[in-house]
Amino acid sequence: MAFESLDGADVYFTRNQQLWKMPTRGGNETLVLASMLDNNYAVVKRAIYFLKSAPSDATLQLQFLDFATHAIRNIGAVPGPSADEVSVSPDERWLLYATSGGTGSELMLIENFH
């Protein structure tokens, strides 16, 4: 799974539970995160939000990698388990992620849909 940075300079991709980046114009790959949960990351303007496994299987840790400082900050726990992929709203106020639970299907009602 790969995502281009918002400025178009880099492509971020996962390999073996690690996050890598590579310049879009070619060049060497660089390790960004040595450990993360599957493809659960979202690239935003100033950072990367990503999920990591927590000591309890019932929760995951939402973390934040700041591009300016390269510091990783723990945002908090979210209910798990998670399916692949997360998304962050453009204003970075909301995180969307899918959970993986039992088998079957889900039926969703969307009211006032136009």
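This note walks through the strands, the cores and a few single residues of the structure above.

1. **What the model is.** This is a predicted model, in which local features need pLDDT of at least 70, side-chain atom pairs count only at pLDDT 80 or more, and totals for chains, interfaces and linings use all residues. Residues are numbered from 1 along each chain as its sequence is written, and side-chain values use heavy atoms, with hydrogens and water left out.

2. **Overall make-up.** The protein chain has 10 strands and zero helices. Strands here are DSSP runs of E with at least two residues, helices are runs of H or I with at least four, and both are numbered from the N terminus. Read from the N terminus, the order of elements is β-β-β-β-β-β-β-β-β-β.

3. **Surface and burial.** The protein chain has 114 residues, and 32% of them count as buried. Buried means under 20% relative accessible area, exposed means over 50%, and partly exposed lies in between (1.4 Å probe, protein chains only). The accessible surface of the protein chain is about 7,800 Å². Carbon and sulfur atoms hold 53% of that surface. These areas come from the Shrake-Rupley method with a 1.4 Å probe; for residues, only the protein chains shown count as cover.

4. **Contacts along the chain.** Take the contacts in the protein chain with a separation of 6 or more: 22% of them link residues 24 or more positions apart. A contact means heavy atoms within 4.5 Å.

5. **The four-stranded sheet.** An open sheet is built from four strands in the order β1-β2-β3-β4, with antiparallel pairing. Its edge strands are β1 (2-4) and β4 (30-33), and each pairs on one side only. On average, neighbouring strands of this sheet are turned by 30° against each other, direction ignored. The axes are lines fitted to C-alpha atoms (for helices, over the stretch in contact), and angles run from 0 to 180 degrees between N-to-C directions. Inside the sheet, β2 (residues 10-15) and β3 (residues 18-23) run antiparallel and share six bridges. Two strands pair if DSSP finds at least two bridges between them. Asp10 faces Pro23 of β3.

6. **Strand β6 and its partners.** Strand β5 (residues 41-43) pairs with β6 in the antiparallel sense over three bridges. Tyr41 has Phe50 in β6 as its bridge partner. A hairpin of three residues links β5 to β6. β6 also runs antiparallel to β7, with seven bridges between them. Why is β6 largely enclosed by the rest of the structure? Because five of its seven residues are buried.

7. **The cores.** The largest nonpolar core has 12 residues, including Leu37, Tyr49, Leu62 and Val78. Such a core is a set of buried Ala, Val, Leu, Ile, Met, Phe, Trp, Tyr and Cys residues joined through side-chain atoms within 4.5 Å. Another core, of nine residues, lies apart from it; among them are Tyr12, Leu19, Ile48 and Phe50. Leaving aside neighbours within four places in sequence, the contacts of Tyr49 include Ala42, Leu62, Phe64 and Val88.

8. **Val78.** This residue sits in strand β8 (residues 72-79). Val78 counts as buried because its relative accessibility is 12%. Val78 and Leu62 are 16 residues apart in sequence, yet 6.7 Å apart in space, C-alpha to C-alpha. Beyond four places in sequence, Val78 is in contact with residues including Leu51, Leu60 and Tyr97.

9. **Gln61.** Strand β7 (residues 59-66) holds Gln61. Is Gln61 buried or exposed? Gln61 is buried, because its relative accessible area is 18%. Its side chain makes a polar contact of 2.9 Å with the side chain of Asn74. A polar contact is a pair of N or O atoms within 3.5 Å; within protein, one must be able to donate a hydrogen and the other to accept it, and residues adjacent in sequence count only if both atoms are side-chain atoms.

10. **Met36.** Met36 lies in the loop between β4 and β5. Met36 has a relative accessibility of 4%, so it counts as buried. Gln17 is 19 residues away from Met36 in sequence, and 5.5 Å away in space, C-alpha to C-alpha. Not counting residues up to four places away in sequence, Met36 touches several residues, among them Gln17, Leu19, Tyr41 and Phe50.
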